[in-house]
Amino acid sequence: MVGLCQGLHEQVLYEHEAIRVVHGFIRQKIADMKLIVCVKQVPDVASPLRLQEGCIDTSAGRMVLNAYDASATEGAIAFTERYGGEVHAVLVGPPEGRETLRKVLAMGVASAVHIQVKDRAACPEAVPNALPEAQACAKILADHFNKETFDVIACGKQAQDTDAGLTPAMLAELLGLPFIGNAIALERDGNGRSGNHLLVTRQGDADQEITRIETPCVVSCSNNMCDPRIPNIKGIMGARNKPIDVKIVSRPAGLPGVHVQRYEAMPGRPRVRMLEEGWDKAIEALVPFVKGGPPAI
Amino acid sequence: MARLLTFAEIRAGRITRLSLEALSRCREIARQRRGSTVAVAIVSDNPLAHFEELARYGAEEVFAVTDTVFASATRTPRSAPLTAALAGVIKQAVPDVVVLPSEESVKEILGALAIRVFAPALPDVSGFDVLDGAVKAQRPVFTAGFMAHVRAEGAPVLVSLRAGSYAACQNPEPSSMRIRNVPFAFDEKVAGKTLRKVVKAASGRIDLSETSVVVAAGRGVRDEKGKRLIEELAALLGAAVGASRGAIEAGLFPPSSLIGQTGKTVSPDVYIAVGISGALQHVAGMSGSRTVIAINKDADAPVFRHATYGIAGDLYEVLPAFTEALKQKASTGD
Ligand SMILES: Cc1cc2nc3c(=O)[nH]c(=O)nc-3n(C[C@H](O)[C@H](O)[C@H](O)COP(=O)(O)OP(=O)(O)OC[C@H]3O[C@@H](n4cnc5c(N)ncnc54)[C@H](O)[C@@H]3O)c2cc1C
């Protein structure tokens, strides 16, 4: 199991483990895979973000690699460390996004493509208004990947700013490739005849599904897949010499429109009432549920 | 006037509560917008089994896709056939708005569906309204740090709805429904995927989005004894048990009980957070709860900023006494 996060997998993985042994055995015979991760630069949600006339002012905060993309990157690197192969990265975003590409290069990605969109919206503070919306982003990425060769595209399952999670499935659909969302483990399935499959474990609503998927394919990754490594000095130094290819593209036109009209503060809660022993208020709030109780399911 | 279509998701043989919440919200909108209609898409190996329930919740028209590929034990993962089925229903029903429950099964396909039917998508909304030729919605964004007011134009607009945003209400009288069978053929070979194994979560657990009360455990619950205390309180309340990432990492609770930005979003009447620090990513999944009771031994824990009532104390001491006090109070009947 690649980069397994403690506790986040259902317990019954012994059968799955057996498959792993097979990998080691036939590893020599199957060709290395090329994985490409799609990463986004987002405002650090823990940094001071303020509302200004319906826009989110990110100038006081810092921009970071989206945490889910960091897990996708880690998952992809760990995959190649285990089975061989290479990892590359693609970022759609403004010139400042270069810093985020440096970060994934320092983690161990071999090369990067930085896709910059012409005529981005005027008000850069209005994140994420300044960035292309999911369909536009998926279209830009699909145009890019249509000219690329790869085995696996790994995305984070959502971005921490828009929290939408649409782009990965859109991209797969545009490319006509099979897709699995919310993956928590990536393995190579070395089933003799055709070694070009992955085994992807996905967290569903109730169960975990282990699916064999052919390549090329697209997967979106949960942060429960793995904890991203912190780049070391060697990685950071090495990243300076790794290529970042800049491409300038136009904003795709004629796509279905979604518009952010404004941002507001989340509806707040009155100040907490700390309760003393006896906890009367809390008990009172709960009593109705003890008596009636919702229907047993 | 608007043609509203919802999707009734089935899990463990039942229509999910969130689907019924979406259907109820659509009926409410239809009442306000004269001449509107509410249809439901249902995708199953045996949709018939659910018609009666849909009628009780006021569906006027049902678009049924019937295929064994949707049976519970199949080798085809559900996402590709589900996308095809819903695209087929949308083509036949020609809705203005499609409202889907924001569950993992829908999150996995919403993007693909939007591309396939060339529609704008508003994912994971906590509220929405239908206008002429457009949908207005509210979406928590930035790890539920801000609320985005969004608008999408077109027909259809796809919307996925967060759990607990609206109440699920039955009709006083079951509606009379027109049933439409939607033709469907799916070639399993084109999916490019086969299901190897489904690792089931422990059975008999109450679904997180199905109950009015959620008891959630954090890393402060550190052993089987603590877990028992959580389960005792939950049993008394008929509540579902949720968990933070801290508690799941400790191996005490199943991954499907994760609540938060990565896990599930819940908005129950009462949320009881026990031994949870209140990290942004956790709060993102429970901030819509109506009443929040937090129990934490650290009186400065961030979770208290998101709570209605706070109890500063060691959960191993508080919980037994709290559960007992609640039992007492409930049985004396005042
Ligand atoms: C991209 C991303 C997504 C994430 N998604 C999620 C998510 O969906 N859900 C989620 O939960 N987390 C998520 N996290 C992790 C999150 O940031 C926190 O790390 C996590 O929520 C912490 O869990 P916790 O509160 O149980 O543990 P801790 O932060 O360790 O808190 C434990 C708390 O228990 C209290 N405590 C200890 N002992 C006792 C006792 N005896 N009695 C009473 N109180 C006690 C302590 O005072 C402390 O406040 C995500 C993180 C990232 C980066």
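B:Cys169 is partly exposed, at 40% relative accessible area. On that scale buried means under 20%, exposed over 50%, and partly exposed in between, with a 1.4 Å probe and protein chains only. This is a predicted model, where local features need pLDDT of at least 70, side-chain atom pairs count only at pLDDT 80 or more, and totals for chains, interfaces and linings use all residues. Residues are numbered from 1 along each chain as its sequence is written, chains are lettered from A and ligands numbered from 1 in the order written, and side-chain values use heavy atoms, without hydrogens and water.

A disulfide is a pair of cysteine sulfur atoms within 2.5 Å, and the count over all chains is 0. A:Cys217 is in none either, with the nearest cysteine sulfur, in A:Cys221, 10 Å away. A:Cys217 is buried, at 0% relative accessibility.

Now helix H9 of chain B, residues 315–332. Helices here are DSSP runs of H or I, at least four residues, numbered from the N terminus.

The buried residues of H9(B) include B:Leu319, B:Phe322 and B:Leu326. Seen down the axis, the buried residues fall within 155 degrees of arc (taken from the directions from axis to C-beta atoms), so they line one face. The face turned away carries exposed B:Glu317, B:Ser331 and B:Thr332.

Notes. Helices (H or I, at least four residues) and strands (E, at least two) are DSSP runs, numbered from the N terminus. The expected span of a helix is 1.5 Å times one less than its number of residues.
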